[in-house]
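Welcome, and thanks for taking a look at this one with us. Here is a short briefing to read alongside the model.

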Amino acid sequence: FEYFAASQAQAFIEEAKNMAYDENVINNTPGSLPTGFTSAGSLGPNGGESYDDYDDVDDFDGYSETIDSGRGDFIVDIVVVYVDPADPDNTSSTKKYCKKMTVTVTNDMLNHPVILSQVFGYIKN
């Protein structure tokens, strides 16, 4: 059960690794960084965007899915926040060069949730 939960969490992280850091850097670099990034209160999918349309890391914020594995339901919940690069456990309400994606997977047969996190950084060219 733990292995399956961990593999599901890791799959979401791997998917996000192939996406842009922020919606506002997909086609160009904002003139002023990090102020040009999406505001902390607006992280999540853009208007009308669904899972199949996700194109940047923070689109996963607030995502939830129930996976029926034949071993009961595994519930996936994802949170994406800005974090201080020097202290990735410190959530920030201001725009930063780092975002942390936390994937939590629960199942009735697990004694505790499986939680995996990944910090994504933006490097200005």
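How many residues lie between β1 and β2 in their hairpin, and which residue in the turn has a positive phi? Four residues separate the two strands, and Gly 70 is the turn residue with a positive phi, about 90°. Please keep in mind that this is a predicted model.

**Overall fold**
- Along the principal axes, the C-alpha trace spans about 50 × 30 × 25 Å.
- Of the 125 residues, 37% are buried.
- Among contacts with a separation of 6 or more, 53% are between residues 24 or more positions apart.
- The accessible surface is about 6,800 Å², and carbon and sulfur atoms contribute 46% of that.

**Helix α1**
- Helix α1 covers residues 2–17; at 1.5 Å a residue its 16 residues should span 22 Å, which agrees with the 23 Å between its end C-alpha atoms.
- The buried residues of α1 are Phe 4, Ala 5, Gln 8, Ala 9, Phe 12, Ile 13 and Ala 16.
- These buried residues pack against four strands: β1 (64–68), β2 (73–84), β4 (98–106) and β5 (114–121).

**The β1–β2 pair**
- Five bridges join β1 and β2 in the antiparallel sense.
- Thr 66 has Ile 75, in β2, as its bridge partner.

**Salt bridges**
- The count comes to four salt bridges.
- Within α1, Lys 17 and Glu 14 meet through their side chains at 3.1 Å, N to O; because they are three residues apart in the helix, about one helical turn separates them.
- Both ends of that pair are partly exposed, Lys 17 with a relative accessible area of 40% and Glu 14 at 34%.
- Lys 99 forms a salt bridge with Asp 22, with the closest N and O atoms 2.8 Å apart. This pair links distant parts of the chain, 77 residues apart: Lys 99 sits in strand β4 and Asp 22 in the loop between α1 and β1.
- Lys 99 and Asp 22 are both buried, and together with Asp 58 they are linked in a network of salt bridges.
- Lys 100 pairs with Asp 89 at 2.9 Å between the closest N and O atoms, connecting strand β4 to strand β3 (residues 87–92) across eleven residues of sequence.
- In this pair, Lys 100 counts as buried at 16% relative accessibility, whereas Asp 89 is exposed at 64%.

Terms used
Residues numbered from 1 in each chain as written. Predicted model: local features only at pLDDT ≥ 70, side-chain atom pairs only at ≥ 80, totals over all residues. Heavy atoms only, no water. Expected span 1.5 Å × (residues − 1). Buried < 20%, exposed > 50% of the residue type's maximum accessible area, 1.4 Å probe, protein only. Contact = heavy atoms within 4.5 Å. Pairing = 2+ DSSP bridges. Areas by Shrake-Rupley, 256 points an atom, 1.4 Å probe, with all protein chains shown as cover.
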